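Welcome! Please take a moment to look over the structure shown here, and then let us walk through it together.

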Amino acid sequence: MCYPTPQELGLAARALADEHPGEVRLRQAGTSRAGQPIWVLSVAATATADAGGARGPAPAGHPTGPDGADGPDGAIGTAGPLDPGGAIGTGGTAGTDGPDGTADANGPAGPLGTNGPDGADGPDGAIGTAGPLDTAGTNGTAGTNGAGGAGGAGGAGGAALGGARNVLVVAGAHANEPVGGATALSLARRLLRDPAPRAGCGWHFLLCADPDGADLHRTPRPYSLLDYHRYFFRPPGPEQPEWAPSLLPADRLPPETLALLALIDELRPVLQVSLHATDLGGSWVQLTRDIPGLAEPFAKSAADLRIPVENGASDAAGWPSPGPGIFVIPEPGSEAAGAFHPEDTRLSTWYHAHRYDGTTAIVEVPMWASDLVDDPAPHPDPRGALRMLAGRLTADAALVAEARERTRGRDRPGPGAPEDPAADALLRAVDWTLALIPRIAVEWTGPGAPAEATAAYIASIDAFGRRLSLRAAAMLLRVLRAEGHPAAPGLDRLVTGWCEEFSARFGARWIPVATQVEHQSRTVLAAYARLVAAGGPTGRV
């Protein structure tokens, strides 16, 4: 099983919507900076699903194939190729059985009308390499939509169209963490097979919050940390959809952030879940409000799937922890010592759901596991260890900064020189990462450094420092290699050595993609079940 690309996610979601027209809807929530669609897949609440007219037959000669069956542990089935050609058409009038409207060259950006039918399924276990979504021309005559059909009034959709509650699952907020899209599709299929969590609750999946970034990070099936970093990309904080509101004024927010904020305003979710991943370590959950009882099913899932629980996550140092691997973001005025964030967490999109009395859970799962982050034993000298780690981080960053200085001339190409948007994005990310490092080193060695800490916490800090320098070096190497720069071979040796040391130091053990997906899926469902059981807010429509 591979990590799906944004295009593959859209195709697989389209196939799922075609297969379940009365329960599933795919629509475009916005457009990225580069013009890519930002897709939302919605699965309707069972208590409010409209029993309107059935969808008519597909055009002759174009049978609609079912979506691919799930592989083991939540693997994504293969969607067959879609018919190229027609633009997204305007849906027929809700409640009236008649043919859909004719599509023009540019279909509307709102709810999708009738889709071009998909072809036959490929084998299970991976997303198929289906053709592009409809982009030009007109659609052939499609089946009719009755009232409440997919795309019609009363079908799957926002707060006004769903049940008393809505859950929003956000995938792909960080370009280098591609498992979320696979989890979103697996969850949607699971909810169709077992609709119990849909009773009175609509489920909505933002399939990839940053499709432009995801296109720059290309690792569909990494076989080592080095392979993962060969085509690594993670944009700077101001260009990340969830973090941008904490770093930019409202009038400069990127379109990906605006689409996410608008979706939260529309759905008013009782629960927002942001799906994240770490390259090497363990699994943990951050909460904007406590969800009582979540620690037990979370720990059971991790144990069943042999995924270590990250007991001392560097992202959550000193935060309240109601159970192993569960961390509650501190309330204003009680910021925990030792937790370094260049952004103000409470200004991120995670807290936007609080406007509607919602809760956000951030679910992290590792690509490679390490038992070092699950060690609760006291560390003998935390401050000494942090001083050593800060010194190593500073020295490693200096090596990358030296190589970066050798590229400064290419930042301003001469007149007539071709622009390279990918290189520019990579260099912005390199500079952002290098600028963070001195502040982090000061934080680790300052008076707020903890006098007592677990071995798991120091291991998490160790991993965090290693990945910062490695990421900056890997992104810079992509630029230098593409240009044939004389500094590329030396930097390549540095990246290779750091990856090998990182893997050896932590005993890296690959977690299959299907297992990552299964753990995230279980945790999302457990968070919703425990929130409801605890009498959490029901959301407002």
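Which residue in E5 stands opposite Val169? Val273 in E5 stands opposite Val169. Before we go further, please know that this is a predicted model, in which local features need pLDDT of at least 70 and side-chain atom pairs count only at pLDDT 80 or more, while totals for chains, interfaces and linings use all residues. Residues are numbered from 1 along each chain as its sequence is written, and side-chain values use heavy atoms, with hydrogens and water left out.

**The chain as a whole**

- The protein chain holds 11 helices and nine strands; these are DSSP runs, numbered from the N terminus, with at least four residues (H or I) for a helix and at least two (E) for a strand.
- Of the 541 residues of the protein chain, 58% count as buried. Here buried means under 20% relative accessible area, exposed means over 50%, and partly exposed lies in between, using a 1.4 Å probe and protein chains only.
- Looking at contacts between residues at least 6 apart in sequence, 82% join residues at least 24 apart; a contact means heavy atoms within 4.5 Å.

- Strand E3 covers residues 165-170, and six of its six residues are buried.
- Arg165, Val167 and Val169 point one way from E3, whereas Asn166, Leu168 and Val170 point the other way, and all are buried.
- E3 is joined to strand E4 (residues 201-206) by six bridges, and the two run parallel. Strands count as paired if DSSP finds at least two bridges between them.
- On the E4 side, Phe205 is the residue opposite Val169.
- E3 also pairs with strand E5 (residues 271-281) in the parallel sense, over four bridges.
- Together, E3, helix H2 (residues 179-193) and E4 form a right-handed β-α-β unit. Right-handed describes a path from the first strand over the helix to the second that runs clockwise when the strands point away from the viewer.

- Helix H8 (residues 421-445) has 25 residues, which at 1.5 Å a residue should span 36 Å; its end C-alpha atoms are 37 Å apart, which agrees. The expected span is 1.5 Å times one less than the number of residues.
- H8 has a kink of about 25 degrees at Ile437, shortly before the proline Pro438. The bend is the angle between axes fitted to the seven residues ending at a residue and the seven starting there.
- H11 is mostly covered, with 16 of its 21 residues buried.

- Ser460 lies in helix H9 (residues 455-483).
- Is Ser460 buried or exposed? Ser460 is buried, because its relative accessible area is 3%.
- Leaving aside residues up to four places away in sequence, Ser460 touches Glu310, Gly312, Ala313, Ser314 and Val373.

**Salt bridges**

- Side chains of opposite charge can pair when their charged atoms come close.
- The count comes to 16 salt bridges, each being a side-chain nitrogen of Lys or Arg within 4 Å of a carboxyl oxygen of Asp or Glu.
- Arg27 and Glu266 meet through their side chains in a salt bridge (2.8 Å, N to O). Arg27 lies in strand E1 (residues 24-31) and Glu266 in helix H5 (residues 255-267), so this pair ties together parts that are 239 residues apart in sequence.
- Arg27 is buried at 9% relative accessible area, while Glu266 counts as partly exposed at 31%.
- Arg505 and Asp462 form another salt bridge (3.6 Å, N to O). Since Arg505 lies in helix H10 (residues 488-506) and Asp462 in helix H9, the pair ties together parts that are 43 residues apart in sequence.
- Arg505 is partly exposed at 41% relative accessibility, and Asp462 is buried at 4%.
- Glu518 forms a salt bridge with Arg522, with the closest N and O atoms 2.8 Å apart. Glu518 and Arg522 are four residues apart in helix H11, so about one helical turn separates them.
- Glu518 is buried, with a relative accessible area of 8%, whereas Arg522 is partly exposed at 27%.
- A network of salt bridges links Arg190, Lys300, Asp304, Glu518 and Arg522.
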